[in-house]
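The tour goes from the whole chain to single residues, one selection at a time.

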Amino acid sequence: MPGMRRNSRRGALAKPSGWPKLESLEGRALLSASGAFGRSHPGANPAEFGPATSGTNLARPSVDAQRSQPWHEGRRISTHNPLREQIFDGTVLKQPMFYKLYNGPKLPSLNGTKATARLIPGEGFVFTGTMAGPIDPAEPALYVFGVNRGGAKAPGPFPQRAMVFFDSVVTVANGPTGPSATVTLLDKDGNPATITNLPNQDVEVSGSTVSVTVKPALLPPTSTPRTRLKLTQYRFTFWTRTESGPPNTIASFVPEFSAAAFQIPRR
């Protein structure tokens, strides 16, 4: 056949050297992630006024994880660790991996491995974030839960994280004076509209986990008036950073490239 040559070992027809090569899934994923978007956003810095181990065992990847990166076994905590995460029922489990743009100290206490967001009747929204190592009370850090209450739109404010978008943030500030927390609602341009300080008893840092409870009235829905079951539209992403500032102060994201649904009790 014209354009074909025969493989002498097996008698099979081999592809000529001029045929196009198939694009690898890994290369496609990296191009998609790195080219997501690189513009600044008015909500990137002012919105935040104011971590499981590296051997975490995960059963299988989530749909989000399969789409964003190929499934690999990753053990070393690093910026380039292949993504391995699972998202289910208000919970995200993730192999530790630092944000590629981060240029601060690579501390286990800044490397997120798990995050949850649940609505508990009688309590409110309960957020938790777990790090790859214990959180040092003397080490200043910010642990942030970006919340899309139904009205936020892509792209988000961070480079290479277009699908991390939100219209409010719950921020836990850790340091020598003890943890404190705030809830910030953003306007349509991503700028702070209101900032509410939370009671000290509603925030806790223990071991490698930070947790904070927020009354539902402080996070009202922003979905359209005709939306049914508004709380089912809520999504969250957890990230850590050394301080409020440019993206290179962000250490890690959970989930890595997207957002996860809250766990909402079924009636």
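**Before selecting anything**

This is a predicted model, in which local features need pLDDT of at least 70 and side-chain atom pairs count only at pLDDT 80 or more, while totals for chains, interfaces and linings use all residues. Residues are numbered from 1 along each chain as its sequence is written, and side-chain values use heavy atoms, with hydrogens and water left out.

**Whole chain**

Show the protein chain as a cartoon: two helices and 15 strands make up its secondary structure. Helices (H or I, at least four residues) and strands (E, at least two) are DSSP runs, numbered from the N terminus. Of the 267 residues in the chain, 45% are buried. Buried means under 20% relative accessible area, exposed over 50%, and partly exposed in between, with a 1.4 Å probe and protein chains only. Switch to a surface: the accessible area is about 14000 Å², and carbon and sulfur atoms account for 54% of that. These areas come from the Shrake-Rupley method with a 1.4 Å probe; for residues, only the protein chains shown count as cover.

**Strand 7**

Select 141-148, which is strand 7. How many of the residues of strand 7 are buried? Eight of its eight are.

Strand 8 (168-174) pairs with strand 7 in the antiparallel sense over seven bridges; look for Y143 opposite V172. Strand 13, residues 235-241, is also joined to strand 7 by seven bridges and runs antiparallel to it. There, L142 stands opposite R241.

**The largest nonpolar core**

Select F127, Y143, V212, V214 and W239. In the largest nonpolar core, which has 44 residues, these five touch the most other members. A nonpolar core is a set of buried Ala, Val, Leu, Ile, Met, Phe, Trp, Tyr and Cys residues joined through side-chain atoms within 4.5 Å. Strand 7 gives the largest share of this core, six residues.

Keep V214 and show its contacts (heavy atoms within 4.5 Å). Leaving aside residues up to four places away in sequence, V214 touches G124, F125, F127, V170, V183, L198 and L219.

**Aromatic pairs**

Rings of Phe, Tyr and Trp (its six-membered ring) pair if their centres lie within 6.5 Å; planes under 30 degrees apart count as stacked, over 60 as edge-to-face and the rest as tilted. By this rule there are 14 aromatic pairs. Select Y99 and F253: the ring centres are 5.0 Å apart and the planes stand at 90°, so this pair is edge-to-face. Y99 is in the loop between strand 4 (91-94) and strand 5 (112-120), and F253 in strand 14 (residues 250-254), so the pair ties together parts that are 154 residues apart in sequence. Y99 is buried at 0% relative accessibility, and F253 is likewise buried at 0%.

Next, select F236 and F262, another edge-to-face pair, with 5.7 Å centre to centre and 85° between the planes. F236 is in strand 13 and F262 in the segment after strand 15 (260-261), 26 residues apart.

**Backbone details**

Most residues other than glycine have a negative phi, and most peptide bonds are trans. Select A154 and P155: the bond joining them is cis, with omega about 5°. P155 lies in the loop between strand 7 and strand 8. P157 is in that loop too and is buried, with a relative accessible area of 6%. Its C-alpha atom is 9.1 Å from that of P247, which is 90 residues away along the chain.

A cis bond also runs from V254 to P255, where omega is near -5°; P255 is in the loop between strand 14 and strand 15.

Finish with L229, in the loop between strand 12 and strand 13. Is L229 buried or exposed? L229 counts as exposed, at 59% relative accessibility. Its phi is positive, near 50°.

Technical notes: Pairing = 2+ DSSP bridges.
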